[in-house]
Amino acid sequence: MAKQLPLKELHVAANARFGPFAGYDMPITYPLGVMKEHLHTRSAAGLFDISHMSHIEVSGPQAAELISRACPYAASEQELNTGRYTYMLNDQAGMIDDLIVSRLGDKRFLVVANGACADKDLAHLTQLSSDFDTTVHHIPRVFLALQGPKAADVLAKFVADSSSLLFMHVMELDDGTFLSRSGYTGEDGFEIGISLDLAEAFAKGLIADPDVEWIGLGARDSLRIEAGLPLYGQDMDEDTDPLTAGLIWAVPKELRAGGSYVGSQALGEIIANGASHKRAGLKPDGRAPVRGGSLLYDGDGAEAVEIGVVTSGGFGPSCGHPVAIGRILKTAGTTGDHLFADVRGKRLACTIEKLPFVPRNYYRGG
Amino acid sequence: MATVYFTEDHEWISVDGNEAVVGITDHAQEQLGDIVFVELPDVGSKVAKGDASIIVESVKAASDVYAPVDGEIIAANDALEGEPGLINDSAQKDGWLVKLKLDDASQLEGLMDEAAYKAMVG
């Protein structure tokens, strides 16, 4: 039985088409359709209900120590009111989940986890917390993302100080609402965690703005692929280490050889030995979308050798052509080189491209 | 005068003599959403009823279109190569997919007319 979003009735009223994702019945598209929803987000402001994502609060005297045990970074040095992209590793340095961890106080952190990983993340953090003087608890709330070049102007009508917030900075309002200048579209925007009793009125206010449209998971996927942003469960999982996934940048240099975080020894060894595979942006040369799961080859003949796999792919409405992200052998080529994706038995030529496919428009001030 | 039939898989087939034009229904294009790519069979190739002979890809996913009858492909809608969105704009006219030469007109007998199809999709 799929879980239902707290604001489901708003999506039903907006004529959303629903589909299963992360155990929830999620809005996939609205009547605008994926293409227009995607383009609207890039030109105005899109409102996403991402309440399938889970909010976990870690608090107590040793909150920073617990975070630094679970995630490969020094949480005690994290600037107050900032968010940070990180992940939790298992003992083999496979990724349990990728996260945004925000520091809300000296001894208080908010972990935002992927919906499909919410239960295991909470269990993992709770288990680790037995060594520390902390509490770990899930906060039930609605989580909305307002994304696009007009997001800041729109949100300023509701939250006065919001537009001065910088990318990956966060604030808490007096009523407990959590606000972060972040998102997963490559555009400027905000993610808003809001209590169940305040959420409906807040969402209704935003969607009434003429610049705002509801955007479903379909466009969320095409937006994030164009922006070169990986999705847990597609581009990486518990068998993928962060070096292979192209996400090692999130680990401070001094912690790459080792540290006291879970998975540090394995990660140090992987870094010392080098990963066999790497992440690559792929632009199919033709018009046919190349989707996740397609195998990649070094040629289109019978003797071609398998060199990787497409982890995410589809059509990029802003690019006007198909876009994909793959995991390929480190030796398989670099930007500008060609490889071939197997799509329904045909070998389709793809060019290795730098990610992202579209420039990211984050607000860093100035 | 052509007669239009409909399949349970949301294709239409407009038959005139032993030739037929095939496409997907307006209901189908609406369900699929924005179409970004169409893979059509080669002219001259043979298809059998039920073959997944055509692929229609939306932003979201790839979908098979099944041949409604046995026959030979005598034309493919080349306009879809540059403008796959024609299917969204005009699924039952300009967004046609292929023309077939029918092998066996009796295969049409199990198909629906427009009223029956409309009743099915509600």
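Two strands count as paired when DSSP finds at least two bridges between them, and strands themselves are DSSP runs of E, at least two residues long, numbered from the N terminus. With that in hand, look at Glu57(B), which stands opposite Ala62(B) in β7(B). Keep in mind that this is a predicted model, where local features need pLDDT of at least 70, side-chain atom pairs count only at pLDDT 80 or more, and totals for chains, interfaces and linings use all residues. Residues are numbered from 1 along each chain as its sequence is written, while chains are lettered from A and ligands numbered from 1 in the order in which they are written.

**The sheet in chain B**
- Three strands of chain B make an open sheet in the order β4-β6-β7, with antiparallel pairing.
- At its edges sit β4 (35–39) and β7 (62–66) of chain B, each pairing on one side only.
- Strand β6 (residues 52–58) of chain B is joined to β7(B) by five bridges, and the two run antiparallel.

**Where the chains meet**
- Nine residues of chain B are in contact with 13 residues of chain A (contact means C-beta atoms, placed from the backbone, within 7 Å).
- On the side of chain B that touches chain A, β4 and β6 of chain B each supply at least two residues.
- β4(B) gives the most to that side, with three residues.

**A spot in chain A**
- Val290(A) touches, among others, Leu282(A), Pro284(A), Val310(A) and Cys350(A), leaving out residues up to four places away in sequence.

Conventions. Helices (H or I, at least four residues) and strands (E, at least two) are DSSP runs, numbered from the N terminus. Two residues are in contact if their C-beta atoms, placed from the backbone, lie within 7 Å.
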